[in-house]
Amino acid sequence: QVQLVESGGGLVQFGGSLRLSCTVSGLTFISHIMAWFRQAPGKEREFVAAISWIGRSTYYADSVKGRFTISRDNVQNTLYLQMNSLEPDDTAVYYCAASGPSKDLQPTLVVTSGFYNYWGQGTQVTVSS
């Protein structure tokens, strides 16, 4: 059974930082592109960042570029999202996602939720102004 479990969310002030983690089990972690999405109240789920199988390639939404960093530990089967300079507009539930077996990033594909086969339950991030 595939499980993706996010952690690290919470309440932070404007300009603060958080580090999200996603621990994955039940699949060969290194064989999958991994990503973070987020969903704010009343809005659709949106792409945040993606990372290729060995972490050599990354891709970010324009809204987080330069502030967020996605990384992965293929020994610990864990995905990370370091979030700096947080803004109230970053408030959302953050989800990690795993693709089907795939190695290389194709930006037009990785930004779509349909590219991913597995999802975590989400972790809430709230940024106060």
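Me: Which residues make up the covered face of strand β1, and which the uncovered one?

Reply: This is a predicted model, so every value here is computed from it. Strand β1 covers residues 3–7. Its covered face holds Leu-4 and Glu-6. Its uncovered face holds Gln-3, Val-5 and Ser-7. In a regular strand, side chains alternate between the two faces of the sheet.

Me: What makes β1 and β3 a pair?

Reply: Two strands pair if there are at least two bridges between them. β1 and β3 have five bridges, in the antiparallel sense. Therefore they count as a pair. One of the bridges joins Glu-6 to Cys-22 in β3. Another partner in β3 is Ser-25, which bridges to Gln-3.

Me: Why are β1 and β7 called edges?

Reply: Start with the sheet. It is open, with four strands in the order β1-β3-β8-β7 and antiparallel pairing. β1 and β7 each have a single partner strand, so one side of each is left without a neighbour in the sheet. On average, neighbouring strands of this sheet are turned by 15° against each other, direction ignored.

Me: How do you know that Cys-22 and Cys-96 form a disulfide?

Reply: The cut-off is 2.5 Å between cysteine sulfur atoms. In this pair the sulfur atoms are 2.0 Å apart. That value is within the cut-off, so Cys-22 and Cys-96 form a disulfide. By this rule the count comes to one disulfide. The pair links distant parts of the chain: Cys-22 is in strand β3 (residues 18–25), Cys-96 is in strand β9 (residues 92–101), and they are 74 residues apart. A disulfide is a covalent bond between the sulfur atoms of two cysteines.

Me: Which hand does the link of Cys-22 and Cys-96 have?

Reply: It is right-handed, with 45° about the S-S bond.

Me: Why is Cys-22 called buried?

Reply: Buried means under 20% relative accessible area. Cys-22 has 0%, so Cys-22 is buried. Cys-96 also has 0%, so Cys-96 is buried too.

Me: Which residues touch the most other members of the largest nonpolar core?

Reply: They are Trp-36, Leu-79, Leu-81, Met-83, Tyr-94 and Tyr-116, in a core of 39 residues. Among the elements that give two or more residues to this core are β3, β4 (32–39), β8 (78–83) and β9. In soluble globular proteins, nonpolar side chains tend to be buried together.

Me: What makes Arg-38 and Asp-90 a salt bridge?

Reply: The limit is 4 Å, from a side-chain nitrogen of Lys or Arg to a carboxyl oxygen of Asp or Glu. Here the closest N and O atoms are 2.9 Å apart, so Arg-38 and Asp-90 form a salt bridge. The pair links distant parts of the chain: Arg-38 is in strand β4, Asp-90 is in the loop between β8 and β9, and they are 52 residues apart.

Me: Are Arg-38 and Asp-90 buried or exposed?

Reply: Buried means under 20%. Arg-38 has 5% relative accessibility, so Arg-38 counts as buried. Asp-90 has 1%, so Asp-90 is buried as well.

Me: Which parts does the salt bridge of Arg-67 and Asp-90 tie together?

Reply: The side chains of Arg-67 and Asp-90 meet in a salt bridge, 2.8 Å from N to O. Arg-67 lies in the loop between β6 (58–60) and β7, and Asp-90 in the loop between β8 and β9, so the pair ties together parts that are 23 residues apart in sequence. Salt bridges that share partners join Arg-38, Glu-46, Arg-67, Glu-87 and Asp-90 into one network. The structure holds five salt bridges.

Me: Why is Asp-62 called exposed?

Reply: Exposed means over 50%. Asp-62 has 67% relative accessibility, so Asp-62 counts as exposed. Its side chain meets that of Lys-65 in a salt bridge, 3.0 Å from N to O.

Me: Why is Val-111 called partly exposed?

Reply: Buried is under 20%, exposed is over 50%, and partly exposed is in between. Val-111 has 31%, so Val-111 is partly exposed. Val-111 is found in the loop between α1 (107–110) and β10 (116–119). Not counting residues up to four places away in sequence, Val-111 touches Phe-37, Phe-47 and Tyr-59.

Key: Residues numbered from 1 in each chain as written. Predicted model: local features only at pLDDT ≥ 70, side-chain atom pairs only at ≥ 80, totals over all residues. Heavy atoms only, no water. Buried < 20%, exposed > 50% of the residue type's maximum accessible area, 1.4 Å probe, protein only. Core = buried A, V, L, I, M, F, W, Y, C linked by side-chain atoms within 4.5 Å. Contact = heavy atoms within 4.5 Å. Axes fitted to C-alpha atoms, helices over the stretch in contact; angles between N-to-C directions.
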